[in-house]
2 protein chains.
Amino acid sequence: LDYQHVQVPFEITLWIMLASLAKIGFHLYNKLPSVVPESCLLIFVGLIMGGIIYGLNDRSPPVMDSDIFFLYLLPPIVLDAGYFMPSRPFFENIGTILLYAVVGTIWNVFGIGFSLYGICQVKAFRLQDVSLLHNLLFGSLIAAVDPVAVLAVFEEIHVNEKLHILVFGESLLNDAVTVVLYKLFRSFCEMPTIKSVDVFAGVGKFFVVGLGGVLVGLSFGFTAAFTTRFTKDIRVIEPLFVFLYSYLSYLTAEMFHLSGIVAIISCAMGMKRYVEANISLKSHTTVKYFMKMWSSVSDTLIFIFLGVSTIGENHEWNWPYICFTVIFCLIWRALGVLVLTFFVNRFHVNTITSKDQFIIAYGGLRGAICFSLVFLLPDFRRKKLFIAATTVVILFTVFIQGMTIRPLVDLLAVKRKRESAPTVGEQIHIRFLDHLLAGIEDISGHWGQYYWKDKLEYFNSKYLQKILLREYDQPKSSIVLLYEKLERKHAIELAQAGQLGHGPAHPSFLSSDRTVITDQKLEDTPNPDVLDNMQEILARNLYRIRRT
Amino acid sequence: LDYQHVQVPFEITLWIMLASLAKIGFHLYNKLPSVVPESCLLIFVGLIMGGIIYGLNDRSPPVMDSDIFFLYLLPPIVLDAGYFMPSRPFFENIGTILLYAVVGTIWNVFGIGFSLYGICQVKAFRLQDVSLLHNLLFGSLIAAVDPVAVLAVFEEIHVNEKLHILVFGESLLNDAVTVVLYKLFRSFCEMPTIKSVDVFAGVGKFFVVGLGGVLVGLSFGFTAAFTTRFTKDIRVIEPLFVFLYSYLSYLTAEMFHLSGIVAIISCAMGMKRYVEANISLKSHTTVKYFMKMWSSVSDTLIFIFLGVSTIGENHEWNWPYICFTVIFCLIWRALGVLVLTFFVNRFHVNTITSKDQFIIAYGGLRGAICFSLVFLLPDFRRKKLFIAATTVVILFTVFIQGMTIRPLVDLLAVKRKRESAPTVGEQIHIRFLDHLLAGIEDISGHWGQYYWKDKLEYFNSKYLQKILLREYDQPKSSIVLLYEKLERKHAIELAQAGQLGHGPAHPSFLSSDRTVITDQKLEDTPNPDVLDNMQEILARNLYRIRRT
């Protein structure tokens, strides 16, 4: 027996296998997933495993390595999130999302930090040695909403698209703020004196970290799109580039201390439409499937590890500090959402209802990112207290909030996501309205979102597409693509039902096939030529109106 | 800048990226791949890179780590090979393949070992310190044909299926022999005296290593098939199990010093048909695509590393030893193929022609396995000579033989692979003949290949399918599956051409669709019901004949 030789890959494979089998196990009994979110169950499995390891070895089970988390487990989840981000609602609400992510997170960090410092001043709690800076540092790591936890819970409750993107977008984009504040306070803790220059440098750093991430991501994304122009003869390695470039963007951003999450999301969103147009259909299925698979496994592993790491002797228990942490996390988030939404609603026609506000505040789950950050803290006397408080906040949000959010959504009758995909007709109308609004904004001289969207589309079709797409000579509108996708799906269904006629192969009944199509034009689904024509007429006329 | 933090994943990603870009580069200029095999070009790229590293650092570039090769690069290639192994020609020629793989490899090992020992006795060559055991050890690592190199070259020249499977099957199955002989001679080298017991133990070990590998592989394969029965609700992680279980089979086999290659091939071949039936169509596309992608990247990396590792100061040059190694490799392989084929042809009706024999002998390429094994040798005085000789043999076979084999195949007019896939009609006839031959063998009392195949099918449908398949109540014959696959492909083509009628949605022309199918029955492709009927009648009648 030669275990040493194969130990590393063997153990990794076994962990992944365990995670996958745990997932299968939950779905075997159908009622379980509908009551308890998967994340809770996985943490529970982790707790049990941790307990067993602790019981057998009589020492703390190994905690999740922060490097493994940030370098290997987090990127697949964020890549998946970025690649399948619904770009329309995201960009429509980008202002609100950024407000929540930047101002909201800063608000939470300082709110939680200062009020915990207030608690520490109460002599009876014996916490006077925790300085303001340490409290702020703790606030910076506990304030940020966690994308992994949010995704795990919100994917199951199917709230409406806008609400989903507000919470989820915030959880992704607050990474830049968290990175900056966490590193800032950590370096402040180690500095003897803090100059006001350092504080201003911190503010400037925030823009560098965020925008730098976007820049790194977009440049890798466009390189990826450009590379897939040349893969026509070797289709098998096409999917690889999607993964390689986005991972490189994450690693590069991390290397320069920029926000890796922001980078990988920009990369994924930037490359998506060009890559999709360049690669083959099967490659695209592989990319989609593998991304989902990978992120699902990472997600599972993270929650199991979270459970395992909870068990052990890393904790220092202090009732007041821990209870007040949970309370302040809830209060400051609720207040932040209320205040920020008040301003947002003043400037928008499509307001955020109070029900939605409640779900946004309540959906602020904490997760593995806080956990990894607290273990990355330099050693000091109260580190174990911080670890305990973080663990409690995570377990509280994931278990209590995560399990009650679905009944609450039902109880409040929060608007749900529409079940059916939009029809081709609806798509055309949305497109039509976009053109119309862009025209109105243009005439009224208001540089709103439709104006910028139109400019971006123009830039895209004039320059980007020519460089990044392989077959630029016949660009297809997204509606035609949607139509083709529906047709393909339908064709496969037909073939599976064994009811497909071999049209073009046999001239004898080609005529009958033709009549089918003619009939069909009178029905609801137009065929691509007609659509192309409609598109062209629409686009030409609209531009003409705008020019006059 | 914090490079240390991300170094490991960053460098791995960059290497893979380089390999993928190199692949794209070759295919950009269309004529290059048709003249030179990709493997040669990749080694060439590796040589240049090695030269650059050597020039810049003034010391030998790092050689390919044997652990990385055996644990991470080899398994994907072998898995791909095993999963897509055409099982029919493989099992039809299993006897011949095993003869080449076992007897042929032993013949080569001892042939090369003893004749090189003879060369070492010539005083003028100054090689008298190389003992017989060391020569045999060297023979054991240089004798085995390499699956990676064979695959890379034979995939491009498209020889007929039988010839391909003979060379390729041998290269895969000789692993068990290589493992045993290599480890045997290596331990003999370190032993003070060798008892005859050890030699017999070696012979026994061969069966353990080979059959043990098959056993480990099959048990993991069937577990994998069994697991995919329960993945209906979580389709996204289905593809994962295929990879996890096969990798585990490889690692487990390696752990117990069994043949990992044999294990992973048995696992892949064992699970394939059940997994395919259980998982969804999209999961299957992902599995197929990802396997191809992974093996293609591994393959590329191996050849690039081979090139890089060649440069440097690891070599001791000795003209006679190196030249005679190349010559003996060629001679003993040619002799072995001639002698073994003589016996094979005496017992088979479908003989191996002399042209085919020449290609089998000439296609005995050596590759990265030899290279990794020679670096794994314990340090002794002449290790560098062995490294030099191995490198020369690999480069000679990959460059000279690999580049000339395509013109030779053209020149000799070796029978090529048929271009088109077999039609449904042909499939039915093949199946019919199988049943017939099984019946004849049964009546004549001859336990031939058809008899065993029939027994296996019976066991499969009676026990295995019931345990391993999710939807056992409606087992589909492979012909119906083939028909469905063709239909689906056709449907997608139709949809892409925009010529599909929406049959069942509109009752008004459902009738026209029906007539299409009726027309079609008169044409070449029968519909599934008819096929099922035919199958049933065929099977029932044949069994009745056999029973009487």
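In this predicted model, helix α4 (residues 66–83) of chain B packs against helix α13 (residues 281–310) of chain B at an angle of about 135°, and their axes are 8 Å apart. That angle makes α4(B) oblique to α13(B).

**Where α4(B) meets α13(B)**
- The crossing of α4(B) past α13(B) is left-handed.
- On the α4(B) side, the contact is made by Phe69(B), Tyr72(B), Leu73(B), Pro76(B), Ile77(B), Leu79(B), Asp80(B) and Tyr83(B).
- Residues that α13(B) brings to the contact include His284(B), Met291(B), Trp294(B), Asp299(B) and Phe305(B).

**Helix α9(B)**
- Helix α9 of chain B covers residues 161–190, which is 30 residues.
- From first C-alpha to last, α9(B) reaches 44 Å, close to the 44 Å expected at 1.5 Å a residue.
- Because 22 of its 30 residues are buried, α9(B) is largely enclosed by the rest of the structure.

- Over in chain A, Val374(A) is part of helix α16 (residues 368–375).
- Val374(A) has 0% relative accessibility, so it counts as buried, the cut-off being under 20%.
- Setting aside neighbours within four places in sequence, Val374(A) is in contact with Leu141(A), Lys383(A), Phe386(A), Ile387(A) and Thr390(A).
- Thr390(A) is 16 residues from Val374(A) in sequence, and their C-alpha atoms are 7.5 Å apart in space.

Notes. Residues numbered from 1 in each chain as written. Chains lettered and ligands numbered in written order. Predicted model: local features only at pLDDT ≥ 70, side-chain atom pairs only at ≥ 80, totals over all residues. Heavy atoms only, no water. Helix = DSSP H or I, 4+ residues; strand = E, 2+ residues; numbered from the N terminus. Expected span 1.5 Å × (residues − 1). Buried < 20%, exposed > 50% of the residue type's maximum accessible area, 1.4 Å probe, protein only. Contact = heavy atoms within 4.5 Å. Axes fitted to C-alpha atoms, helices over the stretch in contact; angles between N-to-C directions. Parallel < 35°, antiparallel > 145°, perpendicular 65-115°, else oblique. Left-handed = near helix turned anticlockwise from the far one by under 90°.
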